Amino acid sequence: MATIGVGTKDEVRKIVYEFFSEECEVSPDELNDGVNIINDLEGDSLMFLELLEIFKKKYNLNVELKTVGKYIVKHPAVTIGEIIDMTLLIIEHENRLADLE
Amino acid sequence: MRQEKVAAIFPAFGCKYLGNEREIIGEFSDDWTNLSDRAARHVRFDTGELAACRSGDFKDELQSQYAVYLYSCAVSNLVKRSSIRTDYSAGYSMGLYAALYHAESVTFEQGLDLIHTAYQNIKKATVKLKFGIGVISGLVRSDVSALIAGFADLEIININNKFSFLIAGFEENVRKALSGAREQGALNTRYLAFTMPYHSKFMDDAASGFNKYLQSVKIHDPVCPVVSTIDQRLVTSSAEVIKDMTDNIHRNINWLNTMTRLIGAGVGAFIECGPGKSLYKMAKFIDGAFTVYPADALRELIRSDRVLTGVPATTSGI
């Protein structure tokens, strides 16, 4: 289980913001934690999948997509803030995400 | 100047539009207007709905097919008039007809007739039963295969990439499978607004009827190889074109393998000729060193100094 420090939190936040800014072609200034990826940015699930792949490579994570999928069914993440929080949980728990309630 | 092979790839109907395709094409030519007029003269094509529907969310499946074909042919014309030489052509699902137009195997009007006739045959074959198509994202192929194993009617009709699959069969079972996929951990599932199970075994009669029609159509050998999405062979003759168009109606397709085959043949640049950027998005989960240029990259592609120049393709090189 990885320990999430301030540095990692900042890094994840920066990557997520840059990712959605680039993918959805909006200025970073227009984004905030409350922005809804689907409704406000016309994003889709493939974007989350892509983001997940980025973090899997960056942090060498041992996590199966379907583990994340099962978690998302119980805990939907639709805003930028929620996606950042979920990403931090994935980095922290990897496949043990399945054990979380 | 780049010296890599270039492929023109064509999306299917049902893709989400950018909304400004007309303006992008209009910056370079009158193709969109001209082709729209020609389509309206040739088939029952609703130009009013085309003009009003910028999102691509057409109510009528046939009109939706015509519209994507029209946009795709307009972009194909643009690409050909620029300095871009394409070595291969490939069409995703019903994008095949635009791929054949690009390869000069069929004319614009013939493509419209092919779309219309295929649609009529498919509609006739499905008139008595309720079918559906769904997309599953976030599982791998073995998971999806296991998921549908208990349903005799369900098939994976297309593999988009490593993590995205289209399934088709009876509506009720498609919905059950999608629900099961979410329980299995799929990141997303979506029941599509299509009523006909394209590329499935339920289309055998439709394929047979379509093939009879194809025997009467004057089809030319492609000027550049068209890659079959069914078995990834190179289609280089009119006889093979007819076979591929027939197979495309009732056999499963595999876009992942098609792209992989092209990448393996040295294609480093794919030009997505059509509305939206669905193929660009799918390609993000396909391995290899390549770039996909969707419609909104056309300006950059055509106006920049970075001219794409294909190298001669060989039929044995793929």
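What covers the buried residues of α9(B)? Hold on to that one while I show you around. Hi everyone, and please keep in mind that this is a predicted model.

Let's begin with chain B as a whole. Chain B is built from 13 helices and 13 strands. Its radius of gyration is 19 Å, close to the 20 Å the globule rule gives for 318 residues, so chain B is as compact as a globular protein of that length. Along the principal axes, the C-alpha trace spans about 55 × 45 × 40 Å. Of the 318 residues, 52% are buried. And if you take the contacts with a separation of 6 or more, 75% of them are between residues 24 or more positions apart.

Now, back to helix α9, residues 204-214 of chain B. Here B:A206, B:A207, B:G209 and B:F210 are buried. They sit on the same side of α9(B), because they cover an arc of only 165 degrees around the axis. In general, an α-helix has 3.6 residues a turn, so residues three or four places apart point the same way. And the cover I asked about includes α6 (108-125) and α10 (238-250) of chain B.

Finally, two loop residues. Most residues other than glycine have a negative phi. B:S93, though, has a positive phi, near 55 degrees. You'll find B:S93 in the loop between β3 (88-91) and α5 (96-102) of chain B. B:Q232 has a positive phi too, about 65 degrees, and lies in the loop between β8 (226-227) and β9 (234-235).

Are these two buried or exposed? B:S93 is buried, with 22 other C-beta atoms within 10 Å, whereas B:Q232 is partly exposed, with 18.

How values were computed: Residues numbered from 1 in each chain as written. Chains lettered and ligands numbered in written order. Predicted model: local features only at pLDDT ≥ 70, side-chain atom pairs only at ≥ 80, totals over all residues. Buried ≥ 20, exposed ≤ 12 C-beta atoms within 10 Å, placed from the backbone. Helix = DSSP H or I, 4+ residues; strand = E, 2+ residues; numbered from the N terminus. Arc of directions from axis to C-beta. Contact = placed C-beta atoms within 7 Å. Rg over C-alpha atoms; globule rule 2.2 N^0.38 Å.
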